[in-house]
Amino acid sequence: MSDIQRIGDLELNQDLDFQRRSWKVQRIGWALMALVVVAAALGLLGGSGLLSDTIIGSETDELQIRYHRFLRQGKPVTLDIQAWPADDEKQVKIQLDRDYLNHFKLDQVVPEPSQTEAHSETLIFTFDLAQPGDSVEIKFDMRPEFSGAVSGHVGIENGPSLEISHFVLP
Amino acid sequence: METILRGAAVYFTILIVCRIAGKRSLAQITTFDFVVLLIISETTQAALVGEDFSVTTAITLIITFMALDIGLSLLKQRSKRFEKLIDSVPLVIVENGKPLKDRMEKARVDEDDVLTAARELQGLERMEQIKYAVLERSGGISVIPMQQKQ
């Protein structure tokens, strides 16, 4: 099936041209592999990393969200929401777009909401504050179910809202 | 459908990465190479099966892999080029007692590897007793000793 050559007393299907081209391709392959490792380290392939960790909002905005821009399908992630409600507020109502949440499987919300309301476009999670006006940190532990671009609004009902977007790798 | 896509993606990734890594990486000479193979197999399992414990998934994957394997082997039979692409070609690295240094360097084989193979396979003692040493497609080294002069 292959061309058998004669080299001295040996018969074998050596192919030096092919071998030399293979070595070149091999080196290119190594460079690509190195790129993959660097991309992963930077967070481009999902998870945490310089180019993936994102913080939007601030205390003055009364809302701050930490999330990863690049995600992997099935890999658990945490959406970290920090809110600074007004001094007389006894509750914080966090509002998320349904379309956004539908892309995820929600594993846990920490702390547990005291109430969840379903509206046509949004879901509202109500959290009771220990002291009125306390700032609160809420974590949504979830896993992306589908690959592709996902974006949505996360915010406080009748309050500030921020848009977050991810790209989910398969 | 997703199972098959995952299976095929993982199969081809491992095939390509191992080809790019070079022949010696798969020859399992040392503990180092063995560990890499072991770890790759563990990593693969999680990606293929995940939290899916159904027998159907296992059977689908097993049959998909064998089908890919058979498919590729048929392609190899039909096409010399394809066969070389997948399996690589043998390479003479020692000729008449003289190691071919630039080839050995490119293939990342050193004289010690050749002498080890010579001892293990032919019970030879010195490089000058080796007529030919060939780096086979598998990454192993085969040794043909010098003919004894009658």
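**Exercise 1. The contact between the chains**

Task: In this predicted model, determine how the side chains of B:Lys84 and A:Asp15 meet, and describe the interface to which chain A and chain B contribute.

Solution. 
Step 1. The side chains of B:Lys84 and A:Asp15 form a salt bridge, with 2.5 Å from N to O. In total, two salt bridges are counted between chain A and chain B.
Step 2. Polar contacts are then considered: seven residue pairs are found across the interface of chain A and chain B, both residues of a pair being at pLDDT 80 or more.
Step 3. On the side of chain A that touches chain B, strand E2 (10-12) and helix H1 (16-41) of chain A are the elements that give two or more residues. The most come from H1(A), with nine residues. Sorted by class, this side of chain A holds nine nonpolar, eight polar and five charged residues.
Step 4. Chain A brings 22 residues to the contact, and chain B brings 27 residues. The area buried between the two chains is about 2300 Å², and carbon and sulfur atoms give 57% of this area.

**Exercise 2. The overall form of each chain**

Task: State which secondary structure elements chain A contains, and explain why chain A is described as spread out or compact.

Solution. 
Step 1. Chain A contains two helices and 13 strands.
Step 2. The globule rule gives 15 Å for 170 residues, whereas the radius of gyration of chain A is 26 Å; this is well over the rule, so chain A is more spread out than a compact globule.
Step 3. The box filled by the C-alpha atoms of chain A, taken along the principal axes, is roughly 95 × 30 × 20 Å.
Step 4. For chain B, the count is six helices and four strands. Their order from the N terminus is α-α-α-α-β-β-α-α-β-β.
Step 5. The radius of gyration of chain B is 20 Å, while a compact globule of 150 residues would have a value near 15 Å. The C-alpha trace of chain B spans about 65 × 35 × 25 Å along its principal axes.

**Exercise 3. Confidence**

Task: State which element of chain B has the lowest mean pLDDT and which the highest.

Solution. 
Step 1. The lowest mean pLDDT among the elements of chain B, 80, belongs to helix H2 (residues 31-49), and the highest, 93, to strand E1 (residues 91-95).
Step 2. Chain B has a mean pLDDT of 86, with 95% of its residues at 70 or more.
Step 3. For the complex, the predictor gives an ipTM of 0.76 and a pTM of 0.78.

Notes. Residues numbered from 1 in each chain as written. Chains lettered and ligands numbered in written order. Heavy atoms only, no water. pLDDT = per-residue confidence, 0-100. Contact = heavy atoms within 4.5 Å. Buried area = accessible area lost by both parts, 1.4 Å probe. Salt bridge = Lys/Arg side-chain N within 4 Å of Asp/Glu carboxyl O. Polar contact = N/O pair within 3.5 Å; in protein donor to acceptor, adjacent residues only side chain to side chain. Nonpolar A, V, L, I, M, F, W, Y, C, P; charged D, E, K, R; others polar. Rg over C-alpha atoms; globule rule 2.2 N^0.38 Å.
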